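Subject: Structure handover

Hello,

Below is the structure I said I would pass on. My notes on it follow, with the cut-offs given where each term comes up.

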Amino acid sequence: MGKEVIEVQSLRKDFKSHSSRSGLKGAFRDLFTRNYKVISAVKDISFTVNEGEMVGYIGENGAGKSTSIKMLTGILTPTSGTVRVNGMDPHKEREKFVRSIGVVFGQRSQLWWDIAVQESFRLLKKVYNVPDDVYNEHMNHVIESLDIGPLLDKPVRKLSLGQRMRCELAAALLHNPKLLFLDEPTIGLDVLVKLKIRNFLKEINEKYKTTILLTTHDLTDIEALCERVVMLDEGQIIYDGKLAKLRSNWGEGKQIEFQFGENVTGDELQPLLKELDAEWTPGDRPNVYVANVVNEEHVISEVIGRVVAAHRITDIKIHEISTEEIIRNIYEEGMLNG
Amino acid sequence: MKHATIFLLYVSQYMKTRLTYRIDMAMEIMSDLLFQAVNLIFILVVFGHTNMLSGWSRDEIIFIYGFFLVPFAIFGAFFNIWDFNERYIVKGEMDRILTRPVHSLFQIILERMELESLFGMITGIAVMIYAGSRLDLSLSWYDPFVFLVMVIGGAFVYAGIFVLLASISFWSDSRTSIMPMMYNIGNYGRYPVDIYNKVIRFILTWILPFAFVGVYPSAYFLGREEWYGYAFLTPVIGFAFFAIAIIMWNIGVTKYRGAGN
């Protein structure tokens, strides 16, 4: 196990929001006594991230992703619990702390809108107090790998989204941080730019052992980059572990969907899977059943063989379970035995 | 030192972008001048009907107005963050500010500065020279230094009040209309406080001490010895208010709730 970069202990964030009463009379009462409702966005989460890890931080909207990232980056003060990132308390030593991290918020620009990209870099270089020689060596490499050399003298407002995003990433890495927070870095980008960004992230992770915490809606990003995922739901961590394990517990295997040509019941079908590593779930249409089987040739052919021998069928489809589906299943069922 | 170089870099960036929008800049300077001229005409009109206002002559009041313009110009150039709530809290730009290793208020000042306002200093000094020459004021060698201290004190009073008001946004993200009101109240500091009733005088001295931007420090240069006590309090009040404002700001930052995405 490497050095711990992020240590979070029962971290919690409550927001107090006041709910207004209805009607004019209610408005008057609100003037004097307000109804406060405490909403917990993050409920006592704990996890650690080691140096050089790339962690996918996933969850639905409102699951507490942004709030917890904002606490990890020192933007928000936790209600309770402890956060140590790079050995510091992000909120208490904010100015010193933010030197050691890089942040990209996909929907928010770090660059100055009206001035050329390289002027933005120059300002940030001063803000982070990066010496010339360090800057030149490191940034020449970053600029080359992200292929943004030709964009440097253009103002940010004239860049396309993909071009801007690559510049944002370069700006976040200007001071060569050991830890990088990426919040939706590939939102709205086309496949080629996504690939370029992913390759670049892999490269800096290998070269500098940069730790990366990535939130995204695009699970292909996570599949391409992260070995580990932390999954949040309603402010709590519902899974923290290897992506591969998540897949093997929930998604290894295939689904064989049978459309039967006659009326069948689950009880009738049950004996067909005897002694096989498989089980039935009813499909979304009448007389459709799905056999969830392990991904092994003989099991798959055995299942198909037995079903076809016993019943008349009109259609067969074989699906691979995608990560997206796995995660949707987890959220729908709201529990995890892995 | 680091702050000074960052400041200079921002200023040069600012000039570069502003110079590309030359017409905008010319319009802004023109409208500032026009605004100052209207205020001056107002004073002249009032004195078309009377020679004295509570024992202050026309030229003395013009002098006070001239003085007021100087700290006000500095305030306008650097601390005019009336749109802080909307820009930084509601739109969530504060997130970005807080991920950079420089004090948040300093960054916002750098981002929101409007250096054109500094032209107001020239107008103000010109008005003071005009009024001063008619009043036969004598200058000692140390008066320019006193002037500098008074101007900084006055600018800090303004800055302190506006930063305090901006800090409120950290606690309540509802929009407030206090800011425009504050500009009006600020204007009261341009006139001798003894023309107002006691309550207003008290407020302008101790609660919203706008009197320390205009009339009190000017009294020193006008040789009005009865006001010297207040005149020399100017830098003290300025630094005190600014210090309180920064403390409130720093507390406010820990209460920042972020914009929901």
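**Contact between the chains**

In this predicted model, 20 residues of chain B are in contact with 26 residues of chain A; two residues count as in contact if their C-beta atoms, placed from the backbone, lie within 7 Å. The elements that give two or more residues to the side of chain B that touches chain A are α1 (2-20) and α5 (93-98) of chain B. Of these, α1(B) gives the most, with six residues. Helices here are DSSP runs of H or I with at least four residues, strands are runs of E with at least two, and both are numbered from the N terminus. By class, this side of chain B has six nonpolar, nine polar and five charged residues. In that count, Ala, Val, Leu, Ile, Met, Phe, Trp, Tyr, Cys and Pro are nonpolar, Asp, Glu, Lys and Arg are charged, and the others, Gly among them, are polar.

On conventions, residues are numbered from 1 along each chain as its sequence is written, and chains are lettered from A and ligands numbered from 1 in the order in which they are written. As the model is predicted, local features need pLDDT of at least 70 and side-chain atom pairs count only at pLDDT 80 or more, while totals for chains, interfaces and linings use all residues.

**Chain A overall**

Chain A has 12 helices and 13 strands. The domain assignment, which is automatic or from a database, gives domain 1 (4-247) and domain 2 (253-320). The C-alpha centres of these two domains lie 44 Å apart. The radius of gyration of chain A is 25 Å, whereas a compact globule of 338 residues would have one near 20 Å. That radius is taken over C-alpha atoms, and the globule rule is 2.2 Å times the number of residues to the power 0.38. Along the principal axes, the C-alpha atoms of chain A fill a box of roughly 75 × 65 × 45 Å.

Buried residues make up 34% of the 338 residues in chain A. A residue is buried if 20 or more other C-beta atoms lie within 10 Å of its own, exposed if 12 or fewer, and partly exposed in between, with C-beta atoms placed from the backbone. Of the contacts in chain A with a separation of 6 or more, 72% are between residues 24 or more positions apart.

**Nonpolar cores**

A nonpolar core is a set of buried Ala, Val, Leu, Ile, Met, Phe, Trp, Tyr and Cys residues joined through C-beta atoms within 7 Å. The largest has 134 residues, and those with the most contacts inside it include A:Ala170, A:Leu214, B:Val157 and B:Tyr158. Helix α3 (residues 58-78) of chain B gives the most to this core, with 15 residues. A second, separate core of seven residues includes A:Phe258, A:Ala278, A:Val303 and A:Val307.

Leaving out residues up to four places away in sequence, B:Tyr158 touches B:Pro71, B:Phe72, B:Phe75, B:Phe79, B:Gly186 and B:Val213.

Helix α4 (residues 117-128) of chain A has 12 residues and reaches 16 Å from its first C-alpha to its last, close to the 16 Å expected at 1.5 Å a residue. The expected span is 1.5 Å times one less than the number of residues. Buried residues in α4(A) include A:Val117, A:Phe121, A:Leu124 and A:Lys125. The buried residues of this helix pack against α5 (132-146) and α6 (161-172) of chain A together with α1 of chain B.

Most residues other than glycine have a negative phi.

- A:Asn129, in the loop between α4 and α5, has a phi of about 60° and is partly exposed, with 13 other C-beta atoms within 10 Å.
- A:Asp147, in the loop between α5 and α6, has a phi near 60° and is partly exposed, with 13 other C-beta atoms within 10 Å.

**Two buried residues**

A:Ala172 is in helix α6 of chain A and counts as buried because 22 other C-beta atoms lie within 10 Å. A:Ala172 touches A:Gly102, A:Val103, A:Val104, A:Gln110 and A:Leu180, not counting residues up to four places away in sequence.

B:Tyr191 lies in the loop between α9 (178-188) and α10 (198-207) of chain B. B:Tyr191 is also buried, with 22 other C-beta atoms within 10 Å. With residues up to four places away in sequence left out, B:Tyr191 touches B:Ile61 and B:Val215.

Regards
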